[in-house]
Amino acid sequence: LLTLSRIESGQSVGKRIRLNLTSILRECFQRFGAVAEGKRIDLRLDLESDRLDVLGDTEALLQIFDNLISNAVKYTQEGSWVAASVAAEYDGTRVTVADGGPGLPATQLECLFEPYRRDDSHRDLPGKGLGLVVVHRLVEAMGGTIGVSQPADAGLCFRLTLPTV
């Protein structure tokens, strides 16, 4: 709630600077490597380049990707996969985080970025239903966009576009 309050007041994102997004994603993937390994989840990171720079805030980006990767690992069943890819696009840098989990009913997918929304089948897992709200607002505060879809071959697929330098 404190983070959301800071976002709403414009204090959540510091000065936006040139950052190497690929190194931030590698760091986040390393943090969840042991948990993924324990669930036999294959973590895949597909980088178009070793260096794709974006204009952003380090702490905000770490929070965004920690949340997306953590959720993917948490909600994906044992033996599945979590993947992220980064590529330069005409309108910014595109980041995709997807998983091989069970997905969500369409009615829940529509309101995924609303506060306190959680899939009832996962009530036993920790969380308050605010993580994706924070992610959405942080991405927007940095001038980016985020959306979610449910492809036929995956659970959830989050697509972010962040401003490039």
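Modeller: Buried means under 20% relative accessible area, exposed means over 50%, and partly exposed lies in between, with a 1.4 Å probe and protein chains only. This is a predicted model, where local features need pLDDT of at least 70, side-chain atom pairs count only at pLDDT 80 or more, and totals for chains, interfaces and linings use all residues. Residues are numbered from 1 along each chain as its sequence is written, and side-chain values use heavy atoms, with hydrogens and water left out.

Colleague: Why is Q77 called partly exposed?

Modeller: Its relative accessible area is 40%. That value falls between 20% and 50%, so Q77 is partly exposed.

Colleague: Where is Q77, and what does Q77 touch?

Modeller: Q77 sits in the loop between α4 and β4. Helices (H or I, at least four residues) and strands (E, at least two) are DSSP runs, numbered from the N terminus. Contact means heavy atoms within 4.5 Å. Beyond its neighbours within four places in sequence, Q77 meets I41, G100, G101 and P102.

Colleague: What makes S85 buried or exposed or something in between?

Modeller: S85 has 26% relative accessibility, so S85 counts as partly exposed. The residue belongs to strand β4 (residues 81–89). Residues up to four places away aside, S85 is in contact with D46, R94, V95 and T96. Its C-alpha atom is 5.6 Å from that of L47, 38 residues away along the chain.

Colleague: How many of the 165 residues are buried?

Modeller: Buried residues account for 49% of the protein chain. The chain has six helices and seven strands. Their order from the N terminus is α-β-α-α-β-β-α-β-β-α-α-β-β. Of contacts between residues at least 6 apart in sequence, 71% link residues at least 24 apart.

Colleague: Why are β2 and β6 said to stand at the edges?

Modeller: Two strands pair if DSSP finds at least two bridges between them. Five strands make an open sheet with mixed pairing, in the order β2-β4-β5-β7-β6. β2 (42–47) and β6 (145–149) each have a single partner strand, so one side of each lacks a neighbour in the sheet. Neighbouring strands are turned by 10 degrees against each other on average, direction ignored.

Colleague: What makes β6 and β7 a pair?

Modeller: They share five bridges, in the antiparallel sense. At least two are required, so β6 and β7 pair. In β7 (residues 157–162), R159 stands opposite G147.

Colleague: Which strands does α2 lie across?

Modeller: Helix α2 (residues 21–31) lies across β2, β4, β5 (92–99) and β7. Its angle to β2 is about 175 degrees. Axes are lines fitted to C-alpha atoms, for helices over the stretch in contact, and angles run from 0 to 180 degrees between N-to-C directions. α4 packs on the sheet too, at about 170 degrees to β7.

Colleague: What describes the packing of α4 and α6?

Modeller: Two packed helices are described by the angle between their axes and the distance between the axes. For α4 (residues 58–75) and α6 (residues 131–141), the angle is about 145 degrees and the axes are 9 Å apart. A60, Q63, I64, N67, L68 and N71 of α4 meet G131, L132, V134, V135, L138 and V139 of α6.

Colleague: How many residues of that contact are nonpolar, polar or charged?

Modeller: Eight are nonpolar, four polar and none charged. Ala, Val, Leu, Ile, Met, Phe, Trp, Tyr, Cys and Pro count as nonpolar, Asp, Glu, Lys and Arg as charged, and the others, including Gly, as polar.
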